[in-house]
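Welcome! Take a moment to look at the protein shown below, and then let us walk through it together.

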Amino acid sequence: MEEHNQIAGYLDELRRSERLTLGTSAAGSQSHLASFENRSAFNYQRDRNVSSGSASNVHTCSLQTVRNASNDPLKYLSKYFNIKPEESRLTQVEALGAEVARLEGAVRNLSEREESLLASFDPPRFIVEHYWDRFMAKVGVRLNSVEIPYPEYIFEYVSAGGNSSQVARIILDTETIDHLVFFLAEKIRFKRSAAGQRALMTARLRSEIKQRDNFTCQGCGVSVMVEPHLLLEVDHIIPVSRGGLSVRENLQTLCWRCNRTKSNRLPA
Ligand SMILES: [Zn+2]
């Protein structure tokens, strides 16, 4: 239970992490121009469907662009949010993927722990159904929201009078980030860059590394054989911020404690 509550706190830390963005340059210069133009002309008239304005993750555009973006999200994400097919950008997207995977891993781990706590208490069903939060609070278990603050990119059309609005929303969860990694790598490979020679940081590679390391923390040696609910993460030995690449030799399995200690020592 103590470990459960510690992981709940760790999850809060991860949620607040500033690493959950693709950096300020992700807001393309074009998106700023577009929203500025709109607001200056029409802002005072609008009572509904007000444009999201200058938010760096919102691209205000034509209806056609919103439609195109929902049909071909990666291409439009890359083009309008300045996520260019460049080696350095690809590395940032991979690093973002690692942070999102950490969050997803912590959320999954917590709900597994909650289930096994539930099994060990075996409370009456009506309590589980109607008083679960209160019951867990009494027992001393901190329940955590399962929401993950996925980075979101929005293509938004607002008509001149503000009467109609349409949006295409791209949510960077693990699946989308993996697709984005492949999308960028394909383009970079085409330009014969180093990306062709290295592994790509994806959900698949992360699970491969955990398997290679026998689901054992390379820092303290604790493993899932000893602790069935152990939260394991994949770490860049040389951090991405210091030029470390997502290659197998630079990746290792760490338990959440060792990884947290390391990230606090090496701020991104
Ligand atoms: Zn460890």
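How many residues line the largest pocket, and which of them lie nearest its centre? The largest pocket is lined by 42 residues, and those nearest its centre are Ala95, Ala98, Glu99, Arg102 and Val234.

## Before we start

What you see is a predicted model, in which local features need pLDDT of at least 70 and side-chain atom pairs count only at pLDDT 80 or more, while totals for chains, interfaces and linings use all residues. Residues are numbered from 1 along each chain as its sequence is written, and side-chain values use heavy atoms, with hydrogens and water left out.

## The whole protein

The protein has ten helices and five strands. These are DSSP runs numbered from the N terminus: helices are H or I with at least four residues, and strands are E with at least two. Of its 268 residues, 45% count as buried, meaning under 20% relative accessible area; exposed means over 50%, and partly exposed is in between (1.4 Å probe, protein chains only).

Contact here means heavy atoms within 4.5 Å. Among the contacts in the protein with a separation of 6 or more, 70% join residues 24 or more positions apart.

## The largest pocket

Rolling a probe the size of a water molecule over the atoms shows where empty space is left. On a 1 Å grid over the protein atoms alone, a cavity is a set of points where a 1.4 Å probe fits but cannot get out, whereas a pocket is an open set with protein on both sides within 12 Å along at least five of seven lines; lining residues have an atom within 4 Å of a point. The largest pocket has a volume of about 1,000 Å³. That volume is the space filled by probe spheres set on the points, with grid points joined across faces, edges and corners.

Where does the largest pocket lie? Domain 1 (2–197) and domain 2 (198–268) both give residues to its lining, so it lies between them; the domain bounds come from an automatic or database domain assignment. By class, the lining has 17 nonpolar, 14 polar and eleven charged residues. Ala, Val, Leu, Ile, Met, Phe, Trp, Tyr, Cys and Pro count as nonpolar, Asp, Glu, Lys and Arg as charged, and the others, Gly among them, as polar.

H5 gives the most to the lining of the largest pocket, with 14 residues.

Beyond its neighbours within four places in sequence, Glu99 is in contact with Leu14, Ser17, Arg19 and Leu20. Arg19 sits in the loop between H1 and H2 and is partly exposed, at 30% relative accessibility. Although Arg19 and Glu99 are 80 residues apart along the chain, their C-alpha atoms are separated by 7.0 Å.

## Residues in the loops

Thr202 belongs to the loop between H8 and H9, and at 5% relative accessibility it counts as buried. Leaving aside neighbours within four places in sequence, Thr202 is in contact with Asp178, Val181 and Phe182.

Asn82, in the loop between H4 and H5, has a positive phi near 60° without being a glycine. Phe215, in the loop between H9 and E4, is not a glycine either, and its phi is positive at about 50°.
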